Number of protein chains: 2
Amino acid sequence: MQKKTNIQKALKRKYPEQIVLVTTKKPEGGANVMAVGWVAIASEEPLMFMLGIDDGAYTYELVKKNREFVVAFPNEKMAREVLMVGTRHGRGRDKISESGLRIQPADKIKAPLLADAVANFECRLVCIYQPGDCPLIIGKVVAASENKKAGLRRLYTVRAGYKLSGVRPLRKS
Amino acid sequence: MQKKTNIQKALKRKYPEQIVLVTTKKPEGGANVMAVGWVAIASEEPLMFMLGIDDGAYTYELVKKNREFVVAFPNEKMAREVLMVGTRHGRGRDKISESGLRIQPADKIKAPLLADAVANFECRLVCIYQPGDCPLIIGKVVAASENKKAGLRRLYTVRAGYKLSGVRPLRKS
């Protein structure tokens, strides 16, 4: 049975929640990266992602400027790197080298792939909506790559306070 | 290291993926329910959800007509019910009674809460976007409820072919 509760309290029941990393090219060279939890598929054909990215984020500025970015699924051993890039601003620092994230060139865009991600999706900006307090960035996937390790799994936010971990299904089918 | 691959093949690396149930009031009385995997938070204050719902779905018609709906997190023991309501059309049938889903009245809207869900969010329609092949429904949360059982956990799609299960973090912190 349900009991009425505060909206933010009910939302704490959402975990585990998926998390992605978003890379963008910096104008002076190099790249920036941030962590995003507000992410969903927004179209199947062509494949599009929706990302909720605060308009104060450096990534937001770079997405608007470059009109392209990479959406990467971090693997479950990347909690330390995701926590580092997800809790610091990117202006005036190099979060990729500071975090130790390994990058490699993308196929169709200038933002880099994350070499150790489960998969990377190269996106071109379609549009930006804003129904509430956060811009919703829609990107069309123009190329994709996956990790050569077939069994590698995604990282999740498993509870409040940026607690990150892999997860396992209770049963196989 | 990454290897270039087909976009849909890379997307198969997304699991586990969250899943929600969406309830809507039917004009003739009673309610409909469907399962949605394309879901994300779209605003924090006020809280909004984004749902990707095909324009051929009965739920899409009812959301446009009623301008309100409930987003519920199914609990990890509801795989059978979610599979049933997620793979059948709702026009001309009563998926709620057929599936055995238990409902209870919502606080502010006419669509029902799911009594056994982890949490329910009563939403009013804000707008509908369509950047690609699927309408993206934005709902503002106007009331919320949670299950009286504190430890109850969400259900996930854990692999392709509608395989549903609860998940557990690999570690607690």
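Which residue in β10(A) is the bridge partner of Phe73(A)? Keep that in mind as we walk through this predicted model, beginning with the strand that Phe73(A) belongs to.

That strand is β7 of chain A, running over residues 68-73. Since 6 of its 6 residues are buried, β7(A) is largely enclosed by the rest of the structure.

Strand β3 of chain A, residues 20-25, pairs with β7(A) in the antiparallel sense, over 3 bridges. Here you can find Thr23(A) standing opposite Val70(A). Strand β10 of chain A, residues 119-129, also pairs with β7(A) in the antiparallel sense, and this pairing has 6 bridges. That brings us back to the opening question: the bridge partner of Phe73(A) in β10(A) is Ala119(A).

Next, let us move over to chain B and stop at Gln18(B), which sits in strand β2, residues 17-18 of that chain. Is Gln18(B) buried or exposed? Its relative accessibility is 9%, and residues under 20% are called buried, so Gln18(B) counts as buried. A polar atom of the Gln18(B) side chain lies 2.8 Å from the backbone oxygen of Val39(B). Leaving aside neighbours within four places in sequence, Gln18(B) is in contact with Val36(B), Gly37(B), Val39(B), Arg154(B) and Tyr156(B), and also with Gln18(A).

Conventions: Residues are numbered from 1 along each chain as its sequence is written. Chains are lettered from A and ligands numbered from 1 in the order in which they are written. This is a predicted model: local features need pLDDT of at least 70, side-chain atom pairs count only at pLDDT 80 or more; totals for chains, interfaces and linings use all residues. Side-chain values use heavy atoms; hydrogens and water are left out. Buried means under 20% relative accessible area, exposed over 50%, partly exposed in between (1.4 Å probe, protein chains only). Helices (H or I, at least four residues) and strands (E, at least two) are DSSP runs, numbered from the N terminus. Two strands pair if DSSP finds at least two bridges between them. A polar contact is a pair of N or O atoms within 3.5 Å; within protein, one must be able to donate a hydrogen and the other to accept it, and residues adjacent in sequence count only if both atoms are side-chain atoms. Contact means heavy atoms within 4.5 Å.
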